[in-house]
Amino acid sequence: MLGHQGYLKILVSGAYASGKTTFVKTVSETILTTEVPVTSPGEQKVKEYTTVAFDYGKVTVDGVPVYLFGTPGQTRLQFMWRVLSYGMHGYIFLVDGSNMMEVYRARPLYLYMKSLGNYPHIIAVNKQDVKGAVPPRQVAQILSVSPEIVYPLVARDKIVALGVLKQLVNLIVTTKPNIETNH
């Protein structure tokens with residue numbers, strides 16, 4: 001809820017290379033990232049840079065200021081998820097939908113996010129532009145969630161990414177009816 005703060009804090013979380021930094025960069029008006037070159041040989045095969053603390057972005061959605069905090073994806077930095085979750089109003093959980101292995105890899109991480117509390121959230125199945133991408137309905141089945149909270153995403157597409165963010169903002173505002181928008 002916005003309360004006296006007048007903004008929403010939303011986490012953008014998910015597995016390594018699921019598109020968190022790309023999503024935050026795509027939708028934000030103001031951006032801060034903590035990306036560094038990847039040093040692990042295995043991770044270098046996947047991408048060149050990685051987030052080591054968090055990504056930060058600020059955007060206004062339907063008159064509501066939204067502060068986005070993208071979590072690091074490496075398991076060794078998962079402790080940051082709990083740190084960054086303090087004071088959050090909800091979260092977007094990104095799933096790499098490029099193949100089935102990545103979807104299954106996301107399952108324990110999603111369960112971890114849920115263990116942080118009962119927050120409004122949506123699941124965004126990224127990389128829907130990849131041939132053979134796993135459809136959101138199938139991801140919902142694998143994660144044992146209602147298909148109503150699972151959305152297709154192409155994190156590089158500003159219109160699609162903003163649409164996903166708006167879905168979560170609307171969910172937060174409607175599930176927390178005493179929100180003050182201060183706008």
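The legends below describe close-up views of one predicted model, beginning with the chain as a whole. Residues are numbered from 1 along each chain as its sequence is written, and side-chain values use heavy atoms, with hydrogens and water left out. Because the model is predicted, local features need pLDDT of at least 70 and side-chain atom pairs count only at pLDDT 80 or more, whereas totals for chains, interfaces and linings use all residues.

**View 1. The chain comes to 6 helices and 9 strands.** Helices (H or I, at least four residues) and strands (E, at least two) are DSSP runs, numbered from the N terminus. Buried residues make up 49% of the 183 residues in the chain, where buried means under 20% relative accessible area, exposed over 50% and partly exposed in between (1.4 Å probe, protein chains only). Of the contacts (heavy atoms within 4.5 Å) between residues at least 6 apart in sequence, 71% join residues at least 24 apart.

**View 2. Strand 6 pairs with strand 1 and with strand 5.** Two strands are said to pair if DSSP finds at least two bridges between them. Strand 1 (residues 8-14) and strand 6 pair in the parallel sense over 5 bridges, and Leu68 in strand 6 is the bridge partner of Ile10. Strand 5 (residues 55-61) pairs with strand 6 in the antiparallel sense over 7 bridges, with Val61 opposite Val64. Strand 6 (residues 64-70) is largely enclosed by the rest of the structure, because 5 of its 7 residues are buried.

**View 3. Helix 4 bends by about 30° at Arg107.** Helix 4 (residues 100-115) has 16 residues and reaches 24 Å from its first C-alpha to its last, close to the 22 Å expected at 1.5 Å a residue, the expected span being 1.5 Å times one less than the number of residues. At the N-terminal end, Asn99 caps helix 4 through a side-chain oxygen that lies 3.0 Å from the backbone nitrogen of Met101, while Gly117, whose phi is positive, near 145°, follows the helix. The buried residues of helix 4 are Glu102, Val103, Ala106, Leu109, Tyr110 and Met113.

**View 4. The largest nonpolar core has 25 residues.** A nonpolar core is a set of buried Ala, Val, Leu, Ile, Met, Phe, Trp, Tyr and Cys residues joined through side-chain atoms within 4.5 Å. Phe93, Val95, Met113 and Ile123 touch the most other members of the largest core. Helix 3 (79-85), strand 7 (90-96), helix 4, strand 8 (121-126) and helix 5 (136-143) each supply at least two residues of this core, and helix 4 gives the most, with 5 residues. A second, separate core of 23 residues includes Val59, Ile92, Ala155 and Ile172.

**View 5. His121 is found in strand 8.** At 11% relative accessibility, His121 counts as buried. The side chain of His121 makes a polar contact with the side chain of Tyr110 (2.6 Å), a polar contact being a pair of N or O atoms within 3.5 Å, of which, within protein, one must be able to donate a hydrogen and the other to accept it, and residues adjacent in sequence count only if both atoms are side-chain atoms. A polar atom of the His121 side chain also lies 3.0 Å from the backbone oxygen of Tyr119.

Note on methods
Bend = angle between axes of the 7 residues up to and from the residue.
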